[in-house]
Amino acid sequence: MVLVARTARARDLRQKPVRVIGMQGTRSGRDEFIFAPRSLGINQQSARRSADRQIDFEVFAQAGLSRKDVQGFYTYDASSPLVLFALERFGYCAAGEAAAWVQGGRIELGGALPVNTSGGLLSEAHVAGWNSICEMVRQLRGTAGASQIANAAVLQWGTAWGDSVMLAA
């Protein structure tokens, strides 16, 4: 269960509080499509690759952190490519490089950037990402059991269409 409360109230609760340290909303426009990154030519998108956009990295600025400060990444993975698209969108790797970037255990538990440690929507349940928010809270409290990320302090939720939230212990 996740309960959102003011910091002063959260300190009085039995469970260790987890802080929201940054967030940004879903992007929209002709070049945006909910299940594909810009440049795939789907719907009204251009097929032209576009450079990284600073607007996609606002969540890092709000949190006062960079990607190297994030110990785990969680995303909406109703289909497998969405994980790759989200990693590219938030700059963990360059556009078109995610499939190679995730090789060698990089996104598994114990890897450089564990992704969806509770199984995500494909393996756990399709509840629009709330399962991932609950898992992030467990990770930051140190109560995730066998899927615990060692010393988890900052985790990111981010989707292929640009919304994101950063949580911290």
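In which strand is the place of Y74? Y74 lies in strand β2, residues 72-74, where helices (H or I, at least four residues) and strands (E, at least two) are DSSP runs numbered from the N terminus. The model is predicted, so that local features need pLDDT of at least 70 and side-chain atom pairs count only at pLDDT 80 or more, whereas totals for chains, interfaces and linings use all residues. Residues are numbered from 1 along each chain as its sequence is written, and side-chain values use heavy atoms, with hydrogens and water left out.

**View 1. Surroundings of Y74.** Y74 is buried, with a relative accessible area of 0% (buried means under 20% relative accessible area, with a 1.4 Å probe and protein chains only). Leaving aside neighbours within four places in sequence, Y74 is in contact (heavy atoms within 4.5 Å) with residues including N116, S132, M136, I149 and W157. The side chain of Y74 also makes a polar contact with that of T117, at 2.7 Å (a pair of N or O atoms within 3.5 Å, one able to donate a hydrogen and the other to accept it).

**View 2. The largest nonpolar core.** Such a core is a set of buried Ala, Val, Leu, Ile, Met, Phe, Trp, Tyr and Cys residues joined through side-chain atoms within 4.5 Å. Among its 21 residues, F60, F73, L87, Y92 and M166 touch the most other members. Two or more residues each come from α2 (58-63), α3 (81-89), α4 (98-101) and β4 (164-168).

**View 3. Helix α3.** Because seven of its nine residues are buried, α3 is largely enclosed by the rest of the structure. The cover over these buried residues includes β2, α4 and β3 (154-158).

Technical notes. Buried means under 20% relative accessible area, exposed over 50%, partly exposed in between (1.4 Å probe, protein chains only).
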